[in-house]
Amino acid sequence: MSAAVEVRGLRVERGGREVLHAVDVDVEAGRVTGLLGPSGGGKTTLMRSIVGAQVVAGGTVRVLGLAAGDPFLRARVGYQTQAASVYADLTVRENLHYFAGLLGVGGAAVSDTLALVDLQQHERQLAATLSGGELARLSLAAALLHRPDVLVLDEPTVGLDPLLRRDLWSSFHRLADAGATVLVSSHVMDEADRCDALVLLRDGHVLATGTPEALRRRTGTSGLDDAFLVLVDGAGEEA
Amino acid sequence: MSARRTLATAVRVLRQLRHDPRTVALLLAVPCVLQFLMHELFRDRPAVFQSLGVPLLGLFPFVAMFIVTSITMLRERASGTLERLLTTPLGRGDLLVGYGIAFALVAAAQATLVSLLSFGLLGLDAGHSAVAVVLLAIANAVLGMALGLFASAFARTEFQAVQFMPAFVLPQILLCGLIVPRDQMAGWLEALSALVPLTYAYDALDRLASEGSLGSRFWLDVLVVAGVTLLALALGGATLRRRTP
């Protein structure tokens with residue numbers, strides 16, 4: 001069976017510079033895949049390519065067997081951008097109500113999702129008055145409303161407290177257990193251990209892929225931070 | 001196009017406005033204050049107020065919606081909400097028409113209020129039909145919205161967007177025939193004024209307010225306003241790209 005997301009030879013240019021160099025990535029359904037690597041390595045660009053928001057210079061991106069950005073995919077893919085892209089001048093519930101209307105799901109989905117991201121007490125609050133963490137959760141909720149088959153989350157846990165991060169990661173796993181394809185980016189290596197599979201991206205190249213366990217074994221390290229450093233050094237020697 | 005998504009967008013835009021009562025108050029009150037000032041300025045020359053009052057009433061919503069739309073769309077682009085919207089099933093047409101419905105409703109409120117003041121209290125004569133004046137004002141608001149949407153694609157910052165008001169709108173007000181009748185303009189200016197959409201909006205309002213039959217020129221005016229609105233919406237829609245560099 002082919003992967004839910006299949007990226008082959010993807011090249012992307014931004015500002016006259018190539019930022020993804022012939023990237024190949026497979027993201028399997030039913031798992032939480034972590035897209036890790038330092039800031040500026042191309043994580044956001046890869047995610048934008050998968051949701052069909054990025055102009056690409058070459059290669060193919062297929063999602064659920066269709067070309068990325070296919071109209072059919074718009075109701076089946078959920079995308080959380082890095083910046084909280086919600087309306088600051090609407091309340092929490094009004095924001096979700098609007099996105100629910102676009103996605104064709106009802107008020108029950110809004111209430112369920114509010115509970116999922118633990119924002120029920122804030123539903124009547126204007127988004128502009130939310131804290132950074134609450135705003136990030138609202139933005140995440142907007143991507144989860146329709147329980148998408150493919151969930152693309154760009155650094156969804158940045159700036160959240162440890163308790164909430166743990167809760168969100170278990171939500172991601174519940175969604176994956178239900179069959180969803182979950183791709184989560186992070187530049188924090190300690191989140192890598194919460195993933196079923198990893199893609200390490202650096203300077204527009206895929207440095208390594210595999211389970212956290214396999215990466216540790218391959219690099220002979222105990223922590224993923226060290227594993228990443230070994231991989232970076234290895235890439236340096238090859239070049 | 002989907003009625004549900006279009007309507008959801010219109011409701012969302014109106015809800016945003018509801019959370020901003022100061023903007024709503026300004027949108028509704030400023031045209032009334034300006035119209036009252038015009039009335040007082042020409043207190044001794046009612047004929048001048050009569051000839052300017054109706055066209056102004058119909059042009060306020062044009063200016064207001066141009067500014068409101070160009071800023072709102074710029075905010076959608078800058079905040080990332082536009083990118084998110086375009087990854088959902090929302091069609092570009094849904095978004096544009098949703099905005100159109102919301103702002104047309106605001107324009108209707110605006111024009112109705114100024115009309116009540118002008119025709120009721122200030123003694124302005126609606127000419128052929130006060131309802132037609134309000135309807136034209138709404139059409140002009142949608143035209144302003146469409147041009148504002150198109151203009152917003154060329155603004156990178158809110159400072160630039162604000163400057164588009166004098167750049168796009170003031171020349172049209174100077175040239176449309178409101179300040180100097182078109183047949184008294186230098187030849188090249190008259191030719192230029194024929195290219196300006198506001199000329200037709202003004203002419204239609206002027207004919208409504210004047211005595212005598214509307215003539216086929218009135219319907220041509222209405223047709224041009226509608227045509228330019230559709231053209232600007234199509235061009236504005238083309239600037240909403242699902243894929244960006």
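Me: What radius of gyration does chain A have, and what would a compact globule with 239 residues have?
Reply: This is a predicted model. Chain A has 18 Å, and a compact globule with 239 residues would have a radius of gyration near 18 Å, so the two agree.

Me: What box do the C-alpha atoms of chain A fill?
Reply: Along the principal axes, the box is roughly 55 × 35 × 35 Å.

Me: How many helices and strands in chain A?
Reply: Chain A has seven helices and 10 strands.

Me: And what share of the residues in chain A is buried?
Reply: Buried residues come to 48% of the 239.

Me: What about contacts in chain A, how many are between residues 24 or more positions apart?
Reply: Counting contacts with a separation of 6 or more, 67% join residues 24 or more positions apart.

Me: Let's look at one helix. How far does α4 of chain A reach?
Reply: Helix α4 of chain A, residues 132–144, spans 19 Å from its first C-alpha to its last, close to the 18 Å expected for its 13 residues.

Me: Why call α4(A) largely enclosed?
Reply: Because 11 of its 13 residues are buried. Among them are E134(A), R137(A) and L144(A).

Me: What covers them?
Reply: The cover of the buried residues of α4(A) includes strands β6 (77–80) and β7 (150–154), plus helices α2 (92–103) and α3 (107–116), in chain A.

Me: Switching to chain B. Where is V222(B)?
Reply: V222(B) is in helix α10 of chain B, residues 215–238.

Me: Why does V222(B) count as partly exposed?
Reply: Because V222(B) has 19 other C-beta atoms within 10 Å, and a buried residue needs 20 or more.

Me: How far is V222(B) from L205(B)?
Reply: Their C-alpha atoms are separated by 9.8 Å, and the two residues are 17 apart along the chain.

Notes: Residues are numbered from 1 along each chain as its sequence is written. Chains are lettered from A and ligands numbered from 1 in the order in which they are written. This is a predicted model: local features need pLDDT of at least 70, side-chain atom pairs count only at pLDDT 80 or more; totals for chains, interfaces and linings use all residues. Helices (H or I, at least four residues) and strands (E, at least two) are DSSP runs, numbered from the N terminus. The expected span of a helix is 1.5 Å times one less than its number of residues. A residue is buried if 20 or more other C-beta atoms lie within 10 Å of its own, exposed if 12 or fewer, and partly exposed in between; C-beta atoms are placed from the backbone. Two residues are in contact if their C-beta atoms, placed from the backbone, lie within 7 Å. The radius of gyration is taken over C-alpha atoms; the globule rule is 2.2 Å times the number of residues to the power 0.38.
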